[in-house]
Amino acid sequence: MIPYGRQDINQADIDAVVAVLQSDFLTQGPKVPEFEQTVAKHVGAKHALAVNSATSALHIACLALGLGEGDWLWTTPITFVASANCGLYCGARVDFVDIDPKTYNLCPITLEKKLKRAKQNHCLPKVVVAVHLCGQPCEMEAIYRLSQEYGFRIIEDASHAIGGKYQGEFVGNGRYSDITVFSFHPVKIITTAEGGMALTNDDDLAEKMNLLRSHGVTRDPNYMTQNPDGPWYYQQIELGFNYRMTELQAALGISQMDRLDEFVARRHELAERYDNLLKDLPVKTPWQHPDSYSGLHLYVIRLQLEKIGKTHRQIFESLRNQGIGVNLHYIPVHTQPYYQKMGFKVESYPHAMQYYQEAISLPMFHGLQELEQNEVIKAVEIALNSES
């Protein structure tokens, strides 16, 4: 089975982790700050805070921005559920903005229309989570301009997008957002096994997230309500969480960062080859916005079902049966039973539903060989053309 995604671990990665196992620190040592500094420097952000998952990063980002009961968080329906759940964790309410049918990201034109209606109804969002689906950045300048007019804060869910660029600058630099979140899950562009990171240029937001990721506890006398009782003293000043990253994970992340640009460049080579090999088949290949350089975590095709005469499911199952580990990113969040109980209607986001009915994620990872890619294309041709 050729998977849709796979980590790439070399001897340097293994040696980095083994060195930590032989050191004095398995957690809360020097490697986590080193990893944070490495990522922050690479993307051009002031602060980076490593945590145990991108979901945790989204949660503390929302809390740091003051999201709470009575507030609204808006995001796209085409994302993993964590992009919406982070609002619910804070007691806020969640709503969705339909996607741009070309980029599959949150559509800024639809966002503006929804904001105008929300202003009239006095229910503007406090936070908008802009998800960079497949690694392609959202149209952040347009979203930022709307944030200035309507007063919401912006989280970039860049779980797919480390190494990508927007307007020639690395995703994560915070030019058009308050906080950016990366994921380091094994199928992502670089991995720490599990893990995530929140980046910001705001000193106060960084300090709040730093507290929240580690129980709300501080040893800094500047934040305490009294002078320390002694050198052992700490205070809990917020209700925080145990969202810390381990030294093992950070060491792997530091090593992986050495190859980040190589990983993304290889994904672009594979994507260009896919584009050429698929151009005569009844599928739509990914469109890239001229302002973006995608991290290309995923390569999603859309089936032109009116030209094929077979169902989405038939084609998907044919590919799986041929040993191609295709996937579907994502089932629209508003169709999930948990969200259906909140009253969301399937038909409310037509572009998202159309995408869901046509999308298939083909294998895309650094180690994918051309012979394997040829197997994928052959399997696609069979799935589209065979009688079944």
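**Before you start**

This is a predicted model, in which local features need pLDDT of at least 70 and side-chain atom pairs count only at pLDDT 80 or more, while totals for chains, interfaces and linings use all residues. Residues are numbered from 1 along each chain as its sequence is written, and side-chain values use heavy atoms, with hydrogens and water left out.

**Stop 1: the largest nonpolar core**

Select Leu73, Phe96, Ile155, Ile179, Met209 and Tyr355. They are the residues with the most contacts inside the largest nonpolar core, which has 48 residues. A nonpolar core here is a set of buried Ala, Val, Leu, Ile, Met, Phe, Trp, Tyr and Cys residues joined through side-chain atoms within 4.5 Å. Buried means under 20% relative accessible area, exposed means over 50%, and partly exposed is in between (1.4 Å probe, protein chains only).

Now colour the elements that each supply at least two residues of this core: β2 (47–51), α3 (54–64), α4 (82–89), β4 (93–96), β5 (127–131), β9 (179–183), α7 (203–212) and α13 (350–356). Helices (H or I, at least four residues) and strands (E, at least two) are DSSP runs, numbered from the N terminus. Which element gives the most to this core? It is α3, with seven residues.

Centre on Met209 next. Setting aside neighbours within four places in sequence, Met209 is in contact (heavy atoms within 4.5 Å) with Leu49, Ile60, Ala61, Ala64, Ile179, Ala198 and Thr200. Another core lies apart from this one; it has 29 residues, among them Ala271, Leu296, Ile301 and Leu368.

**Stop 2: a strand covered on both faces**

Select β3 (residues 72–75). Bring in β4, which runs parallel to β3 and is joined to it by four bridges. Thr75 has Phe96 of β4 as its bridge partner. Two strands pair if DSSP finds at least two bridges between them.

**Stop 3: a three-strand sheet**

Show β8, β7 and β14, an open antiparallel sheet in that order. Each of β8 (169–170) and β14 (292–293) has a single partner strand and stands at an edge, so one side of each is left without a neighbour in the sheet. Zoom in on β7 (residues 165–166), which pairs with β14 over two bridges; here Tyr166 has Ser292 as its bridge partner.

**Stop 4**

Beyond its neighbours within four places in sequence, Gln249 is in contact with Thr192, Glu194 and Gly195.

Move to Arg320 in helix α11 (residues 312–321). Arg320 is partly exposed, at 38% relative accessibility. Its contacts, again leaving aside neighbours within four places in sequence, are Met1, Gly325, Val326 and Asn327.

**Stop 5: the salt bridges**

A salt bridge is a side-chain nitrogen of Lys or Arg within 4 Å of a carboxyl oxygen of Asp or Glu, and by this rule the count comes to 13.

- Select Lys46 and Asp203: their closest N and O atoms are 2.9 Å apart. Lys46 is in the loop between α2 and β2 and Asp203 is in helix α7, 157 residues apart. Asp203 is partly exposed, at 42% relative accessibility.
- Select Asp95 and Lys114, which meet in a salt bridge of 3.1 Å, N to O. The pair links strand β4 to helix α5 (residues 108–120). Asp95 is buried at 16% relative accessible area, and Lys114 is buried at 14%.
- Select Glu370 and Arg273, with closest N and O atoms 3.8 Å apart. Glu370 lies in helix α14 (residues 370–385) and Arg273 in helix α9 (residues 260–278), so the pair ties together parts that are 97 residues apart in sequence.
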